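Here's a quick briefing to read alongside the model. Have the sequence and the 3D view open as you go.

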Amino acid sequence: MWIGYVSDKYLYLQSSVDQGKTFSPAVKVNSVQEVIAARDESRPKIGIDKQGTIYVTWTSDIPNAKERHNGNIRFSRSTDGGKTFSEPGTVNDENPEVAGHR
């Protein structure tokens with residue numbers, strides 16, 4: 001089981017092998033602080049493939065955006081079981097001030 005949470009503008013992940021009785025130490029996904037949407041349907045998403053690669057996506061809010069629900073879709077992955085994560089990248093290529101992303 002994997003959980004993600006945001007604290008102080010960082011995204012953290014933890015895992016449990018005993019159905020949530022205990023969790024691994026938290027691992028920071030993003031190395032640079034950013035405003036992360038972590039509410040309602042905008043929560044970070046976690047996926048794991050058959051080889052154990054962990055994929056994480058989240059929305060980075062745009063401060064003072066002209067329209068609601070606008071942000072950049074961010075992505076990172078771990079190929080070592082969640083010990084470290086790649087430097088996050090932005091998935092969308094258009095101006096999120098124009099096209100809403102969540």
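Which residues make up the largest nonpolar core? There are 9 of them: L11, L13, V27, V29, I36, I54, V56, W58 and F85. A nonpolar core here is a set of buried Ala, Val, Leu, Ile, Met, Phe, Trp, Tyr and Cys residues joined through side-chain atoms within 4.5 Å. Keep in mind that this is a predicted model, where local features need pLDDT of at least 70, side-chain atom pairs count only at pLDDT 80 or more, and totals for chains, interfaces and linings use all residues. Residues are numbered from 1 along each chain as its sequence is written, and side-chain values use heavy atoms, with hydrogens and water left out.

**The overall picture**
- The protein has 0 helices and 8 strands; both are DSSP runs numbered from the N terminus, with helices being H or I of at least four residues and strands being E of at least two.
- Of its 102 residues, 34% count as buried, meaning under 20% relative accessible area, while exposed is over 50% and partly exposed is in between (1.4 Å probe, protein chains only).

- Two or more core residues each come from β2 (10-15) and β6 (54-61).
- The largest share, 3 residues, belongs to β6.
- In soluble globular proteins, nonpolar side chains tend to be buried together.
- Leaving out residues up to four places away in sequence, the core residue I36 touches V6, K9, Y10, L11, N30, W58 and T59; touching, or contact, means heavy atoms within 4.5 Å.

**Strand β6 and its partners**
- β6 is mostly covered, with 6 of its 8 residues buried.
- β4 pairs with β6 in the antiparallel sense over 2 bridges, and A37 has T59 in β6 as its bridge partner; two strands pair if DSSP finds at least two bridges between them.

**A buried residue in a loop**
- Where does E34 sit? You'll find E34 in the loop between β3 (27-28) and β4 (36-37).
- Why does E34 count as buried? Because its relative accessibility is 11%.
- Not counting residues up to four places away in sequence, E34 touches K9, W58, S60 and R74.
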